[in-house]
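Let's take a friendly walk through a protein model, one piece at a time. Have the sequence and the 3D view ready as you read.

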Amino acid sequence: MEGAPEPHSGWTFITNHARVLAAVADDSHARIRDIAAHCRLTERAVQRIIADLEQDGYLSRTREGRTNIYRIEPDKVLRHPAEAGLSVASLLSLLVKDEADRGKNTPAAATGTEP
């Protein structure tokens, strides 16, 4: 997944912070460039989000050669009062799926019109 992110207007169900966290959960060795492409964000936006997540203790990173390795704190509780008591692990269990499962959840598959 390379290239410039596609623009998006309007609201979405998932925040960019949750998208980045899910991308890191999919691949703890992912480069900022790859996370940005996966999430359809700029690299600078991903850098800011990772800094936010690190500052609040949801994510940590260590350097291994030229690679960052990210570690998610699965027991950390989500920030918003409406999600009081829910952990990062519970959020990620909804967001992180096997790539093969993502293909099965296309609109055509959902309506039964897929060949």
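Predicted model: local features only at pLDDT ≥ 70, side-chain atom pairs only at ≥ 80, totals over all residues.

## Around helix 3

Which residues of helix 3 are buried? They are A45, V46, I49, I50 and L53. If you look down the axis of helix 3, these buried residues fall within an arc of 135 degrees, so they line one face of the helix. On the face turned away from that buried side you will find the exposed residues R44 and Q55.

Just after helix 3 comes G57, with a positive phi of about 85 degrees.

## The whole protein

The protein has six helices and two strands, and along the sequence they follow the pattern α-α-α-β-β-α-α-α.

How much of the protein is buried? Of its 115 residues, 24% are buried. Contacts tell another part of the story: among those between residues at least 6 apart in sequence, 40% join residues at least 24 apart.

## How helix 1 meets its partners

Two packed helices are described by the angle between their axes and the distance between the axes. The axes of helix 1 and helix 3 come within 10 Å and cross at roughly 85 degrees. That makes helix 1 roughly perpendicular to helix 3. On the helix 1 side, the contact is made by N16, H17, V20 and L21; on the helix 3 side, it is made by V46, I49, I50, D52 and L53.

Next, turn to helix 2. The axes of helix 1 and helix 2 come within 10 Å and cross at roughly 125 degrees, and the two helices are therefore oblique to each other. Helix 1 passes helix 2 in a right-handed crossing. Here R19, V20, A23, V24 and D26 in helix 1 meet I35, H38 and C39 in helix 2.

## A positive phi at R40

Follow the chain into the loop between helix 2 and helix 3, and you will find R40. Most residues other than glycine have a negative phi. What is phi for R40? It is near 60 degrees, a positive value in a residue other than glycine.

Is R40 buried, exposed or partly exposed? Its relative accessible area is 44%, so R40 is partly exposed.

## S87, a buried loop residue

Our last stop is S87, in the loop between strand 2 and helix 4 (88–95). Is S87 buried or exposed? Its relative accessibility is 19%, and the cut-off for buried is under 20%, so S87 counts as buried.

Which residues does S87 touch, leaving aside its neighbours within four places in sequence? S87 is in contact with P74, D75, K76, V77 and L78. Look at V77 in particular: S87 and V77 are ten residues apart along the chain, and their C-alpha atoms are separated by 4.3 Å.

Methods: Residues numbered from 1 in each chain as written. Heavy atoms only, no water. Buried < 20%, exposed > 50% of the residue type's maximum accessible area, 1.4 Å probe, protein only. Helix = DSSP H or I, 4+ residues; strand = E, 2+ residues; numbered from the N terminus. Arc of directions from axis to C-beta. Axes fitted to C-alpha atoms, helices over the stretch in contact; angles between N-to-C directions. Parallel < 35°, antiparallel > 145°, perpendicular 65-115°, else oblique. Left-handed = near helix turned anticlockwise from the far one by under 90°. Contact = heavy atoms within 4.5 Å.
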